[in-house]
Amino acid sequence: MTDRNTFTPILVLGTEYPIAHLKDLKITLCIEFSNGDSRDITIHTRPTNHLYSRAVSNEDKLNKAVLISEGSLLRSYVHREGNYQAVVDEPLKIKEERVFCIDKWRQSYLFPSFVTQVQENYSQVSVLANKGDEKTCLSALLTVPEYDDHVYLVFFHLHKVNSKEVNMMIESAFLVERTAHKAQKLITPKSNEAKPFVVIVKNILENRKPFESIKQSKSKYKRKKKQKQKK
């Protein structure tokens, strides 16, 4: 089993599967804020084991002892918000169990390319809200040379660390066909649904929700102020 949400290689049936290619990947960008201030921002990617594992099935539950002996059963531990690698030690608690998936592990080697794409094109890379969840963001590596008819979807949360740092927790990532609904929404994004990556980061740093506009934020503030005055 993987050790405390680290990047230790996964050993399954005597074969090592390294995951160090997911470690310490960062995005740096310069953002101009609403008050006119400009500063460099560092975004630390925090991949979870969903990049190389699948959900536990009912059959897996019946064969749990076998999965443990093989090394296929992966455990993740309760961690600090926004940072998968920052495990809460006292007391150490299991957050969930997953099963190693060699196909997703192979696909995980696409993740560094996604990070490079965002780094080089952060004003153009489109981000969508995941349906039914205003916090989870969805983007993709749209050009995958080895898989011409697929895109690599990436689901993530952004968490403000301080005025110059953001944690980007990668909830999941996997290949889908270009014809899939979510892929199409990113290939031909609508202006009222998608926002550039840089705008999403700016919103988080200015204490707004990822897809919340300044106008929406001000309206929300006014509503809250009126409610307080009524009390």
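Visitor: Is Tyr109 buried, partly exposed or exposed?
Guide: This is a predicted model, in which local features need pLDDT of at least 70, side-chain atom pairs count only at pLDDT 80 or more, and totals for chains, interfaces and linings use all residues. Residues are numbered from 1 along each chain as its sequence is written, and side-chain values use heavy atoms, leaving out hydrogens and water. Buried means under 20% relative accessible area, exposed over 50%, and partly exposed in between (1.4 Å probe, protein chains only). Tyr109 has 38% relative accessibility, so the label is partly exposed.

Visitor: Which residue forms an edge-to-face aromatic pair with Tyr109?
Guide: Rings of Phe, Tyr and Trp (its six-membered ring) pair if their centres lie within 6.5 Å; planes under 30 degrees apart count as stacked, over 60 as edge-to-face and the rest as tilted. This rule gives six aromatic pairs. In one of them, with 5.4 Å centre to centre and 90° between the planes, the edge-to-face partner of Tyr109 is Trp105.

Visitor: Is Trp105 buried or exposed?
Guide: Look at the accessibility. Trp105 has a relative value of 12%, so this residue is buried.

Visitor: How are the rings of Phe156 and Phe197 set: stacked, edge-to-face or tilted?
Guide: Their centres are 6.1 Å apart. The planes meet at 55°, so the pair is tilted.

Visitor: How many residues apart in sequence are the parts that Phe156 and Phe197 tie together?
Guide: Helices (H or I, at least four residues) and strands (E, at least two) are DSSP runs, numbered from the N terminus. Phe156 lies in strand β12 (residues 150-162), while Phe197 lies in helix α6 (residues 197-205). Phe156 is buried at 0% relative accessibility, and Phe197 is buried at 1%. The pair therefore ties together parts whose separation in residues is 41.

Visitor: Over which ring does the charged end of Arg39 sit?
Guide: A charge sits over a ring if NZ of Lys or CZ of Arg is within 6 Å of the ring centre and within 35 degrees of the ring normal. For Arg39, the distance to the centre is 4.0 Å, and the ring belongs to Phe33.

Visitor: Which side chains of β3 are buried?
Guide: The side chains alternate along the strand.

Visitor: Which residue in β4 is the bridge partner of Thr28?
Guide: Seven bridges join β3 to β4, and the two run antiparallel. They form a hairpin with five residues between them, where Gly36 in the turn has a positive phi of about 90°. Across in β4, Thr28 is bridged to Thr42.

Visitor: How much space lies in the largest cavity?
Guide: On a 1 Å grid over the protein atoms alone, a cavity is a set of points where a 1.4 Å probe fits but cannot get out, and a pocket is an open set with protein on both sides within 12 Å along at least five of seven lines; lining residues have an atom within 4 Å of a point. Grid points are joined across faces, edges and corners, and a volume is the space filled by probe spheres set on the points. The lining includes Asn49, Tyr52 and Tyr84. The volume is about 30 Å³.

Visitor: Which residues does Asn49 touch, not counting those up to four places away in sequence?
Guide: Asn49 sits in the loop between β4 (38-47) and β5 (53-54). At 1% relative accessibility, Asn49 is buried. Contact means heavy atoms within 4.5 Å. With residues up to four places away left out, Asn49 touches Leu74, Arg75, Ser76, Tyr84 and Arg98.

Visitor: Which element gives the largest share of the lining of the second largest pocket?
Guide: This pocket holds about 170 Å³ of space. Its lining includes Leu128, Leu138, His181 and Glu193. Three lining residues make up the largest share, and they come from α5.

Definitions and conventions. Pairing = 2+ DSSP bridges.
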